[in-house]
Amino acid sequence: NIVRADSSFDTLYISLYDQSMIDTERLIRLGGVRVLETPDGVAVTCGPVSTMAARSIRNGIRSGVRDTI
């Protein structure tokens, strides 16, 4: 369901094929401070870990890993 993952210094941006599949409560339990819907998906404020999370998601996409957020 994830098309692309990008990040800034404190926000993780996730572009999705189907936004209805996003679990906002789970993202908050996993460390997100704020979850905002964007035209392409969601923006999750999670601090400096956002860069590592985006890299991990991109690596998962490349290797074909499937999981739900």
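**Ground rules.** I number residues from 1 along each chain as its sequence is written. Since the model is predicted, local features need pLDDT of at least 70 and side-chain atom pairs count only at pLDDT 80 or more, while totals for chains, interfaces and linings use all residues; side-chain values use heavy atoms, with hydrogens and water left out.

**Entry 1, the sheet.** I started with the strands. For me, helices (H or I, at least four residues) and strands (E, at least two) are DSSP runs, numbered from the N terminus. Two strands pair if DSSP finds at least two bridges between them. I found four strands in an open sheet, in the order β1-β2-β4-β3, with antiparallel pairing. β1 and β3 (34-37) are the edge strands, each pairing on one side only. On average, neighbouring strands are turned by 20° against each other, direction ignored. For angles, axes are lines fitted to C-alpha atoms, for helices over the stretch in contact, and values run from 0 to 180 degrees between N-to-C directions.

**Entry 2, around β2.** I looked at both partners of this strand. β1 (residues 2-7) is joined to β2 by five bridges, antiparallel, and the two form a hairpin with three residues between them. β2 and β4 are also antiparallel and joined by five bridges. On the β4 side, Tyr13 sits opposite Ala43 and Leu12 opposite Val44. I also noted α2 lying across β1 and β2, at about 150° to β1. Is β2 buried or exposed? Five of its six residues are buried, so the rest of the structure largely encloses the strand. My cut-offs are buried under 20% relative accessible area, exposed over 50% and partly exposed in between (1.4 Å probe, protein chains only).

Ser15 belongs to β2 and is the bridge partner of Arg4. I have Ser15 down as buried, at 9% relative accessible area. Contact here means heavy atoms within 4.5 Å. Leaving aside neighbours within four places in sequence, Ser15 is in contact with Asn1, Ile2, Val3, Arg4, Asp40 and Gly41.

How many salt bridges does the structure hold? I found one, between Arg4 and Asp6, with the closest N and O atoms 2.8 Å apart. The criterion is a side-chain nitrogen of Lys or Arg within 4 Å of a carboxyl oxygen of Asp or Glu. Arg4 is partly exposed at 42%, and Asp6 is partly exposed at 31%.

Val44 touches Asp10, Thr11, Leu12, Leu27, Gly32, Arg34 and Val35, not counting residues up to four places away in sequence.

Where is Cys46 found? I located Cys46 in the loop between β4 (41-45) and α2 (49-63). Cys46 counts as buried, at 16% relative accessibility. With residues up to four places away in sequence not counted, Cys46 touches Asp10, Leu12, Gly31 and Gly32. I also checked Ser20, which is 26 residues from Cys46 along the chain; their C-alpha atoms are 21 Å apart.
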